[in-house]
Amino acid sequence: MITIQNEIIKKQPNFWNQCLFHPTDAIEDPWGKRILDRISADGAIKTVRIYTMFEDIVYIGENGDLCYDFRVSDLRLDYMVEKGFDLLLAYAGMPDCIAASTGNKTSVSKNKTRYKGKMWNSAPPKDYALWEEICYEYTRHIVERYGIETVSKWRCQCFNEPDIPAFFMSELPGTAEDTVKYRLPAYCKLYAAFERGIRRVSDRILIGGPALAHHQAFLGGWLDYVREHNLKLDFISVHNYGVSPRELNDGSKSISVQNNIRKHQPCVDTVKAHGYDHLPLLVDEWGFSSAGFYNREECPALMGRETELFSAYFVKLIHEFVYSDYKIDMLCICLSGQHEMVEDFSGFRNFFTLNFIAKPIYNAYILSAALHENLLASEYGSNLFVVPTKDDQGNFAALISYSSGNFDENLPAISENVVLPEEFRGKTVTVWCIDRNTTNPYRLYQKMGIDQPSEEDLRVLREEGRLKPVLIQSASRPLILELTANSVFLITAAE
């Protein structure tokens, strides 16, 4: 039995309906707009993290001066503003024209180049004053275009994963020693110049970093630098991936929400130890596995990204963060590998397939957006993860996930009676479900036994990916759920 009580445990702001949209330059393309249109219309995402992509903006003029062409950048930001998203802007990448080197570029992608043949320049600037000037001019431009009232609601961060070779100083090994000895001081100067450039525009703009990959010594050293130099810092951002494809392939780790929880704790501890636990802590990239640009070709277990496993994982992760009281103020799923698909179901980390079929993880984001801020007390059995909420107008919403620690598909089916508080008994209950047989295009695709879907097949699969209520009834009647392994339910009660 799942018993929901009317006692409010705490206020719980929504930190989970956020994403990184990658590649950023897909925003100006039809397929990227199609995804963003759907996300916006469904209310699945509130804040989107994107790169500023300075390499598309900055060049050297005939007189040797820095020059700027904001046209493509404006197209991207205009679209995001039009769709109503708040933004987390990663001030990156490094333009070749100010980079200390152009000989060490990385693709950070399944293929040999990034989207549209671009590469990531991992070098620091040859002159940090030039980096400051770029940060200043870009910030001044977006404030002039969108207004300080809008931009001050966004967040601006310095760079991306500067503690690993893939994004910063790729000519060096990724050892902890090299990271602290070389990358840390270079990033500290990068952040100081970033901070100066933005503050020249306005102190109202929220700034932070470092979008940490995983090096805690790097994070601690940077926080010490910020304090010693009295630099403005409004938030701290880190990344959190549960396992790697290598660990899944060799069996050293399995898919488990506890992997993410264990990786979050050192970040919380480092931030607290350095005196910054009063600031928002953002997880601005997460996934049950790293390498969003990998699929089943590199790791067969990544097919879980196509199934009910990923939606159950997401709901359970929300549950664990909410009830553990770990400090977390944003949780952004990383949507990467979107441009590398050549078929519909192959295990990339994204919301939609090649032919725009919604995956279970996307629909879990729609369901999670229905939760309210007042977290209610509840009682329930093992392998159940319940997040019950209500708003101040008396509307109720609860997310329920049923899964084992490693998301075993052989977990026995159970029948659970859900008991709501008396105050909701006169309302109408609506139930939505994601499980192996419901709102699950990949499982339907398997049953259809087809290799190349026809247009009619695609229509059927897209319809399967559309959320529809599975039950509507009076709250005064008994509410019984049939839960199977890795199933997710949303229950709402309203007039």
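Biologist: In which sense do strand 10 and strand 11 pair?

Modeller: Keep in mind that this is a predicted model. Strand 10 covers residues 206–212 and strand 11 covers residues 235–243. Four bridges link the two, and their sense is parallel.

Biologist: Which residue in strand 11 does Pro-210 stand opposite?

Modeller: Look across to strand 11 from Pro-210. The residue you'll find opposite is Ser-237.

Biologist: And helix 8, which strands does it touch?

Modeller: Helix 8 spans residues 257–273 and packs on the sheet. Its direction makes about 155° with that of strand 11. The strands it touches are strand 11 and strand 12 (281–289).

Biologist: Zooming out, how many strands are in the closed barrel?

Modeller: Follow the order 2-3-6-9-10-11-12-13, where the pairing is parallel. Neighbouring strands are turned by 30° against each other on average, ignoring direction. The barrel's strand count is eight.

Biologist: Now the cysteines: why is Cys-299 in no disulfide?

Modeller: A search of the whole structure turns up zero disulfides. A disulfide needs two cysteine sulfurs within 2.5 Å. For Cys-299 the closest cysteine sulfur belongs to Cys-334, and that is too far for a bond because the distance is 16 Å.

Biologist: Is Cys-299 buried or exposed?

Modeller: The cut-off for buried is under 20% relative accessible area. Cys-299 has 0% relative accessibility, so it counts as buried.

Biologist: What does Cys-67 count as?

Modeller: Cys-67 is in no disulfide either, with the nearest cysteine sulfur, that of Cys-97, 9.2 Å away. Its relative accessibility is 22%, so Cys-67 counts as partly exposed.

Key. Residues numbered from 1 in each chain as written. Predicted model: local features only at pLDDT ≥ 70, side-chain atom pairs only at ≥ 80, totals over all residues. Heavy atoms only, no water. Pairing = 2+ DSSP bridges. Axes fitted to C-alpha atoms, helices over the stretch in contact; angles between N-to-C directions. Contact = heavy atoms within 4.5 Å. Buried < 20%, exposed > 50% of the residue type's maximum accessible area, 1.4 Å probe, protein only.
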